[in-house]
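Here is a short briefing on aromatic rings and the nonpolar core. Keep the structure open as you read.

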Amino acid sequence: MKRSLPILALLLIVSATASPAQTATANADESEIRGAIKAQTEAWNHADIPAFMQAYEDSPDTTFIGATLGKGYQPIRERYLRNYTTPEQMGKLTFNDLDIRLLPSGCGKSEIALVTGKFHLDRTAHGEAKKDAGIFSLVWRKGPHGWKIILDHTS
């Protein structure tokens, strides 16, 4: 029994270590999410809300939590269109301190990711410089259309 404990410990360590294929998949998944966030930034900075919204899952269950709770892709999109009607109101968006955590499912693949970070928005509204900044957490799900945001909590 004493001899089997070191062997068991070694087997647990080996099985817990990600294979090269799993690591490559995780790197590809993280790159895809970072690419979607970069595309969102570019779309926002070009005052293109429809392109910005492409990172969100087009579902009635997609949720946005900010000052209020919004549910459904279309209502979230309409809120953005209603609140940001000009490029001046939208300003320039940057994200930083991104942390992407891929959560493995039972089969070893990641289908859910948690992303946290900070946003900064430089804009001029009504002739006065205004800066908005805050933090966010996003839940992404990998589906048939790639990685999409299913929950956005921004404050």
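The model is predicted. Eight aromatic pairs are counted in it.

**Ring pairs**
- A pair of aromatic rings is described by the distance of the centres and the angle of the planes.
- W44 and Y84 pair edge-to-face. Their centres are 4.9 Å apart, and the angle between the planes is 75°.
- W44 belongs to helix α2 (residues 20-45), while Y84 sits in the loop between α4 (73-83) and α5 (87-90), so this pair ties together parts 40 residues apart in sequence.
- W44 counts as buried, at 4% relative accessibility. Y84 is buried too, with a relative accessible area of 17%.
- F52 and Y56 make a tilted pair, because their planes meet at 50° with the ring centres 6.2 Å apart. Both F52 and Y56 are buried.
- Ring pairs join W44, F52, Y56, F64, Y80 and Y84 into a cluster.

**A charge over a ring**
- R79 places its charged end over the ring of Y80. The distance to the ring centre is 5.2 Å.

**The nonpolar core**
- In soluble globular proteins, nonpolar side chains tend to be buried together.
- The largest nonpolar core here has 28 residues. I33, W44, F52, M53, Y80, V115 and W140 touch the most other members.
- Helices and strands both contribute: α2, α3 (49-52), α4, β3 (92-104), β4 (110-125), β5 (128-143) and β6 (146-154) each supply at least two residues.
- Helix α2 gives the largest share, five residues.
- Beyond its neighbours within four places in sequence, M53 contacts Y73, I76, R77 and Y80.

How values were computed. Residues are numbered from 1 along each chain as its sequence is written. This is a predicted model: local features need pLDDT of at least 70, side-chain atom pairs count only at pLDDT 80 or more; totals for chains, interfaces and linings use all residues. Side-chain values use heavy atoms; hydrogens and water are left out. Rings of Phe, Tyr and Trp (its six-membered ring) pair if their centres lie within 6.5 Å; planes under 30 degrees apart count as stacked, over 60 as edge-to-face and the rest as tilted. Helices (H or I, at least four residues) and strands (E, at least two) are DSSP runs, numbered from the N terminus. Buried means under 20% relative accessible area, exposed over 50%, partly exposed in between (1.4 Å probe, protein chains only). A charge sits over a ring if NZ of Lys or CZ of Arg is within 6 Å of the ring centre and within 35 degrees of the ring normal. A nonpolar core is a set of buried Ala, Val, Leu, Ile, Met, Phe, Trp, Tyr and Cys residues joined through side-chain atoms within 4.5 Å. Contact means heavy atoms within 4.5 Å.
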